[in-house]
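Read it with the structure open and check each point as you go.

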2 protein chains.
Amino acid sequence: MKSVDDIARQAKQAKLELMKISTAQKNDILEAMAQGLTDEAAYIIARNAVDVEESKKKGKTESLIDRLALNEKRIEAMAQGLRDIARLDDPIGEVIGAKKRPNGLLISKQRVPLGVIGIIYEARPNVTADAVGLCLKAGNAVVLKGSSEAIHSNIAISEIMVKRGEAVGLPKGAVGLIRETSREAAAHMMKLNEYIDVLIPRGGAGLIKSVVENATVPVIETGTGNCHIYVDQYADLQMAKEITVNAKVSRPSVCNAAESLLVHKDVADKFLPKVIGALVEKDVEVRGCPTCEQYGAKPATDEDYYTEFLDLIISVKVVDSFDEAVAHINKYSTGHSEAIITDSYTNAQRFKAEVDSAAVYVNASTRYTDGFEFGFGAEIGISTQRLHARGPMGLEELTTVKYVIDGDGQVRW
Amino acid sequence: MKSVDDIARQAKQAKLELMKISTAQKNDILEAMAQGLTDEAAYIIARNAVDVEESKKKGKTESLIDRLALNEKRIEAMAQGLRDIARLDDPIGEVIGAKKRPNGLLISKQRVPLGVIGIIYEARPNVTADAVGLCLKAGNAVVLKGSSEAIHSNIAISEIMVKRGEAVGLPKGAVGLIRETSREAAAHMMKLNEYIDVLIPRGGAGLIKSVVENATVPVIETGTGNCHIYVDQYADLQMAKEITVNAKVSRPSVCNAAESLLVHKDVADKFLPKVIGALVEKDVEVRGCPTCEQYGAKPATDEDYYTEFLDLIISVKVVDSFDEAVAHINKYSTGHSEAIITDSYTNAQRFKAEVDSAAVYVNASTRYTDGFEFGFGAEIGISTQRLHARGPMGLEELTTVKYVIDGDGQVRW
């Protein structure tokens, strides 16, 4: 597929140029891109209107159209995002460590760009700007593949960013948007190991599964969070109620929202009526075990315990012991974020050590698993795999390393 | 494929047990395994003889049979390898960083095991012991899939290690060997994302390609090295000759051996006769550009410049400039190791920055790209991909991270 190959090949060329440009130059490029989005907001909105119109004609869901639609405020937020990224520290060039070997070689480990990053995403045109900003700041070339619903918006946004960027030194080909929106184009892109160093899919579970199953290019898997709150017998029950309600209802559609609540049997009779009452008051559907049903929950299936509802639904289970809680989480969780509410030092320590998830909390809401909340200043997603990055991914996770060795004639026989 | 699923599922169970065991326990297990190999060397040699016999009957190559055959010395080396790993620092539990956030949350980033590591390898039974030792020391469960040629040896070695290990606390299922040697069993293993966290293929280019193309489990790609030596116009030509000869002939079959030599035109007439003479004297076949042919090289094809010979063959090319040398390397290299020989500070600095390979040398042989030479004390392979690990991989590269968050009731609205 020549058009896709061409974009990826140009990105590979551009990555070599990007290795040479300075932090100041990268920041200038990001500021210029931000200014372009601000200046040409009206044009972007007009092109976006074509996408919105077509999606309405095709009967797409309201929530898709809401994610797709741009207005001045949303475009300004994209521009501000780029300016914020310009202000972050540049991760590139950091010397992570250096060691003089007995033979006199000085071996340094340095942080360098990942290379060419492929982003495959759905109908959110703001991803176009966000992903480009983060990838470029970490010195990477980007190949973008958005969905057909947003193609006019994506073309407009990327054209403006490229034009403004190139005017202040963005290497040719450093930002490429694949305009073919077919599944074949995506499938082809996923196998371009020669040009693309890593793929980051951003979107729903279906998209991510498709990329994991079809790509030969290495993938960073992001997103799914079947997050648990475990209320230990030593919990402060008022705190437990507040954290449970916060983790479930503050933003139910995001991956760090709680989907399941485990309650130690010794506090079940005291805690369940309180927490179920508070959840129901917030319009949450509670699906639980037989004990929970006594306090007004609907019956839960085993499938419910595996489910990331992304909605005002929660599964609840009474457990006989701390060990059962940990075993349940390690079995049913997607490995994203889990919290224990307890005042037992031993149980807090054991929970942190034995629960096998990317983020493990004591006495706090799972909703904090987020690059901004973690202080990274930015986020490209939350990795739920173990290779390369785990948990929120900031600029550092968009880099790799290189060994630089200074010698004075060493040979090894 | 039930037998494969069972082994992988047990490994996943075992990884949770491995999260709890101490460094001292892990070291005891490694020492016990080493003692087992020493004690039962005669049994291993007898089982290995079956493999060797069958490979001879099937007319396998002598080099395969050499890699396959075990004797007391080789088994003792395997045992010593395990004892050496026991003596290395444990990477697990290290707190890489911790930050108190304005809201009072203490967020710590800690080093934890990768989880379940799948090793797919060829007819080297020593990999069975090496891989198990390294993976276990970093707290990981292992699923081994060796080749049919070594199956009796692999069963014997893994059975002894498991028996001796379990006697001193190795969790059940932590080390599993897949006994089905079919391609289907390997293909099935490569898609077990539910149980296996990462695959590390160890072997030739064909094996690695097959794993990269077929796996849905994340892969760490190792191995191929089309390494370059660039002799700059400011090189000490005596040093350049010594490094070139060393990098080519000291061990031509390994991935850090040089496969290609670039020479700046200003020193070509002085350097080429010397270096070609020295290489030919060591039985190296020199394939070069027209200028090289004047000094006795055979003509090189474009394909030669892409080739990892792994043999006493080298491609040579005269380049017009430093920039041409860097562009040639970035085009033809596999991104493993490259060296410049120069006394120009500017060219040394530029080479280190602009050459896009895992290891970049100034005035030293590429042969140093190796976990032991880099001071890691061990090595599971050399990564030529950019995700997760790049260059020699020691114990640290067999780990991932986890965020541990201590709170006192924080919620996020």
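1. Domains. Domain bounds here come from an automatic or database domain assignment. Chain A is divided into domain 1 (2-221 + 388-406) and domain 2 (227-368). Their centres, taken over C-alpha atoms, lie 36 Å apart.

2. Ground rules. This is a predicted model, in which local features need pLDDT of at least 70, side-chain atom pairs count only at pLDDT 80 or more, and totals for chains, interfaces and linings use all residues. Residues are numbered from 1 along each chain as its sequence is written, while chains are lettered from A and ligands numbered from 1 in the order in which they are written.

3. Overall build. Chain A has 15 helices and 16 strands. Helices (H or I, at least four residues) and strands (E, at least two) are DSSP runs, numbered from the N terminus. The C-alpha trace of chain A spans about 70 × 65 × 35 Å along its principal axes.

4. Burial and contacts. A residue is buried if 20 or more other C-beta atoms lie within 10 Å of its own, exposed if 12 or fewer, and partly exposed in between; C-beta atoms are placed from the backbone. In chain A, 54% of the 413 residues are buried. Two residues are in contact if their C-beta atoms, placed from the backbone, lie within 7 Å. Take the contacts in chain A between residues at least 6 apart in sequence: 72% of them join residues at least 24 apart.

5. The four-stranded sheet. This open sheet of chain A has the order S5-S4-S3-S6, with parallel pairing. Strands pair if DSSP finds at least two bridges between them. Strand S5 (175-177) and strand S6 (198-202) of chain A have a single partner strand each, so they stand at the edges with one side left without a neighbour in the sheet. Neighbouring strands are turned by 20 degrees against each other on average, direction ignored.

6. Strand S4 of chain A. Look at residues 141-145, which three bridges join to S5(A). Val142(A) has Val175(A) as its bridge partner in S5(A). S3(A) and S4(A) pair in the parallel sense over five bridges. There, Ile120(A) has Lys145(A) as its bridge partner in S4(A). Are the residues of S4(A) buried or exposed? Five of its five residues are buried. Ala141(A), Val143(A) and Lys145(A) point one way, and Val142(A) and Leu144(A) the other way. In a regular strand the side chains alternate between the two faces of the sheet.

7. Axes are lines fitted to C-alpha atoms, for helices over the stretch in contact, and angles run from 0 to 180 degrees between N-to-C directions. Helix H9 (residues 205-214) of chain A lies across S3 and S6 of chain A, at about 160 degrees to S6(A).

8. Strand S9 (residues 285-288) of chain A pairs with S10(A) in the parallel sense over two bridges. Arg287(A) has Lys298(A) as its bridge partner in S10(A).

9. Symmetry. Copies are superposed by least squares on the C-alpha atoms of residues with pLDDT of at least 70 in both. A rotation of 180 degrees with 0.0 Å of shift along its axis places chain B on chain A (RMSD 0.0 Å). That is the relation of a two-fold axis. Which residue of chain B comes closest to the rotation axis? His388(B) does, at 1.8 Å (C-alpha).

10. The interface. Here 57 residues of chain B are in contact with 58 residues of chain A. S16(B) gives the largest share of the chain B side, 11 residues.

11. Two backbone angles to check. Most residues other than glycine have a negative phi, and most peptide bonds are trans. His388(A) has a positive phi, near 75 degrees. His388(A) lies in the loop between strand S14 (381-383) and strand S15 (391-393) of chain A, and is buried, with 23 other C-beta atoms within 10 Å. Asn363(B) also has a positive phi, near 55 degrees. Asn363(B) sits in strand S13 (residues 359-364) of chain B and is buried, with 22 C-beta neighbours inside 10 Å.
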